[in-house]
Structure formats: C-alpha cells, structure tokens
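Here are my notes on the model you passed along. Have it open while you read, and go through the points in order.

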Amino acid sequence: MNATAVSHPNIAFIKYWGNRDNTLRIPMNGSLSMNLDGLTTRTTVSFQPSLPFDELIINGHEVMGAGLKRVSEILDLIREKANIDARAEAVTENNFPSGAGIASSASAFAALALAGSAAAGLNLSERELSRLARRGSGSASRSIPEGFVEWQAGTNDEDSFAFSIAPPNHWDLVDLIAIVSAAHKKTGSTEGHAIAPTSPLQTARVADAPRRLEKCRQAILDKDFNAFASIVELDSDMMHAVMMTSTPALQYWKPASLAVMEAVRMWRANGLPACYTMDAGANVHVLTLESEAQGIEKKLRGIDGVTNILVARPGGMAKIV
Ligand code: PMV
C-alpha cells in the first residue's frame, strides 16, 4: 500500500487571508493562483500495519511534534474514508531550497493528499482531492488542479474547493522569485489567518475581494498584463495592510523587499511588463512575460539585498508518478 505523488507550490494573485472556519479552513474570500512549475514536492506514502505511529521524513530528516500532528490529521481523514487503520510513513522531498522562505505547505499537503489517498486505495476526484488538501493548508487546495487556479470560498467542507480556469500553456507568465531573506517566518500563516479579523481593514479587504477576483480572472483569460498587474499589486498590498494592522501586528517586509517593489513599479511606468506580489514572507514574486524575463532577472540581481532568484513558469496539476 504505497504511492508517490508530485506537486508544485503556487503563487496567489488574489490572496487568501483569514478563515470563516479555522478548523475546516473555509476561507473568508475566494482566491486565484498559478502553480509554479520549476518547484516540486515529491511525497511517498506507505501504510504499514507494523508501524506503531505515523512517521514523517522531510528532506531526509524525521519530523515530530506539531508538523507530524498536522500530517497525521490528514492521514486520519484518509484512513476514515478508506476504512483502514494502519499507520503510515510519509517521505517528502522539495527540489527547492528549504529555508529560502518559499512556502512549501501548499505543495506539501497537495502531494500528501494525493499520495496518501492513492496509497489507501481511494480513487478521489480532483474536487475531493482539493478539499482534502485544503484541510492541511488552505492554499494546498489550489495546488491540486493545473495551471491557473481559482479556489471558490464556499461556505462549508463540500463547496470549498479549487478548479483550473486555464491550463499552464494558456499564458507565458514567468515568476521571478527575488530571495531577500532565507529566514523562516516568525509567524506562520495558520496563526496569521486566526488573527486576521483583529485588523479593522480586514472587513474592507474581504468585502472588495469578489471584485478583485473577477478583474484578475478576466485579465488572465484576456492575457491583459496591465490590467493583471494593477489588480495583483493592489491585492497584495491590501493583504499586507491587514497583516500590519492586526493584533499582534505582522510585518513581513524587509528593506530589500521594498527596494524590489519600488524598482518594479518604476520599470512598469517605463513600459516593461512587471508587477510584484508577496506572501507571508520577505521574498518578492516578480511576475513578467517570457519575452522580458531574462532582462528583468538581470536587473533584479543588481538590487542590493537580493541574494538569489528562483524562476518558475505555469505548472501542471498534482500527479501520481
Ligand atoms: O495555505 P496557508 O495557510 O499557508 O495560507 C497561505 C496564505 C498566503 O500565502 C499569504 C496567501 C495565499 O493565498 O497563498
């Protein structure tokens, strides 16, 4: 009873921040993202009746405590569905530098949901897999389908899932991830979602989210970079405004993050297709088109405080290998 799955992390263009239900991870608003092709998580799950408890090995190191508990909770959901009780070993590897501040929970829980359910003999639909991955990390729901992906917020476990709005080859976007800090984030997103309602700005951010999502979806379908750029930056800034004004306040930006954002705004004003978005960390995702990617990567490398650039193109769905 074992299976191996590969999946990609994703970058959100319209962000998920704050839950209607923290346990089920039902979000306050719908979100929209792109899978990141260059970055891959590979996970093997094997159910072994002889194991006394679940085991988790990430990049060759055994993980216990809170990390293992979060994985066991997903394995419990799988065991319940498959009507089995064997404990499992989950062995997972990321091909992207760990500790580079690139969130791996999306690809981690997408690969775990897929490998775990296949290893247990379940044949889940894409929607069921997306819902299962969501229970481990909300953004993982978006790493199940291919390419450009929308997660409809829904109101309950059944109707909160993600689906593809366009395949990876739909648009030649490139994500240049400017690494400015390799530090692990101080406050993880699970805690961040829980305190989002303490910001007086969260209500306004959530109320306007359907409009931003609609604009962003249309810009992607039309491949309209300028429309895309302004809504993506607005959405990222709104999420960070909420983070900065929650209690306790979360401040993810570093001076170099700000330098990258300023440069990107200037390049766009001068006619280059480039825009930025940031997740719960200091690194800046700079989105551009294939034709300009090399030139912009070079410019980014010249900015003080940028230590590395990871390059990712639109990625496919989570797959069994
Ligand atoms: O899936 P989580 O709980 O790690 O939350 C992800 C939150 C952001 O990355 C900041 C935004 C998003 O939509 O991916």
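1. One term before anything else: "contact" here means heavy atoms within 4.5 Å. With that in hand, look at Glu150, which touches Ser31, Leu32, Phe161, Ala162, Phe163, Ile165, Leu213 and Arg217, leaving out residues up to four places away in sequence. Glu150 sits in strand S10 (residues 148–152); helices (H or I, at least four residues) and strands (E, at least two) are DSSP runs, numbered from the N terminus.

2. A word on the ground rules. This is a predicted model, where local features need pLDDT of at least 70 and side-chain atom pairs count only at pLDDT 80 or more, while totals for chains, interfaces and linings use all residues. Residues are numbered from 1 along each chain as its sequence is written, and side-chain values use heavy atoms, with hydrogens and water left out.

3. Back to Glu150: is this residue buried or exposed? Glu150 counts as buried because its relative accessibility is 8%; the cut-offs are under 20% relative accessible area for buried, over 50% for exposed, and partly exposed in between (1.4 Å probe, protein chains only). Its side chain has a polar contact of 2.8 Å with the side chain of Arg217. A polar contact is a pair of N or O atoms within 3.5 Å; within protein, one must be able to donate a hydrogen and the other to accept it, and residues adjacent in sequence count only if both atoms are side-chain atoms.

4. Lys15 is another charged residue to check, in the loop between strand S2 (10–14) and strand S3 (19–21). At 1% relative accessibility, Lys15 is buried. Which side chains does the Lys15 side chain meet in polar contacts? One is Thr277, at 2.8 Å, and another is Asp279, at 2.6 Å. Beyond four places in sequence, the residues in contact with Lys15 include Asn29, Gly30, Ser31, Arg205, Asp235, Ser236 and Met239.

5. Thr247 and Pro248 are joined by a cis peptide bond, with omega about -5 degrees. Pro248 belongs to the loop between helix H7 (225–244) and helix H8 (255–269).

6. Two asparagines have positive phi. Asn59 has phi near 45 degrees, in the loop between strand S7 (55–58) and strand S8 (61–63), and is partly exposed at 25% relative accessible area. For Asn83 phi is near 60 degrees; this residue is in the loop between helix H1 (65–82) and strand S9 (87–94) and is exposed, at 71% relative accessibility.

7. Gln294, in helix H9 (residues 290–301), is exposed too, at 69% relative accessibility. Its C-alpha atom is 16 Å from that of Tyr276, 18 residues away along the chain.

8. Zooming out, the protein has nine helices and 16 strands. Why call the fold compact? Because a compact globule of 321 residues would have a radius of gyration near 20 Å, and the 19 Å found here agrees. That radius is taken over C-alpha atoms, and the globule rule is 2.2 Å times the number of residues to the power 0.38. The C-alpha trace spans about 65 × 40 × 35 Å along its principal axes.

9. Of the 321 residues, 55% are buried. Among contacts with a separation of 6 or more, 75% are between residues 24 or more positions apart.
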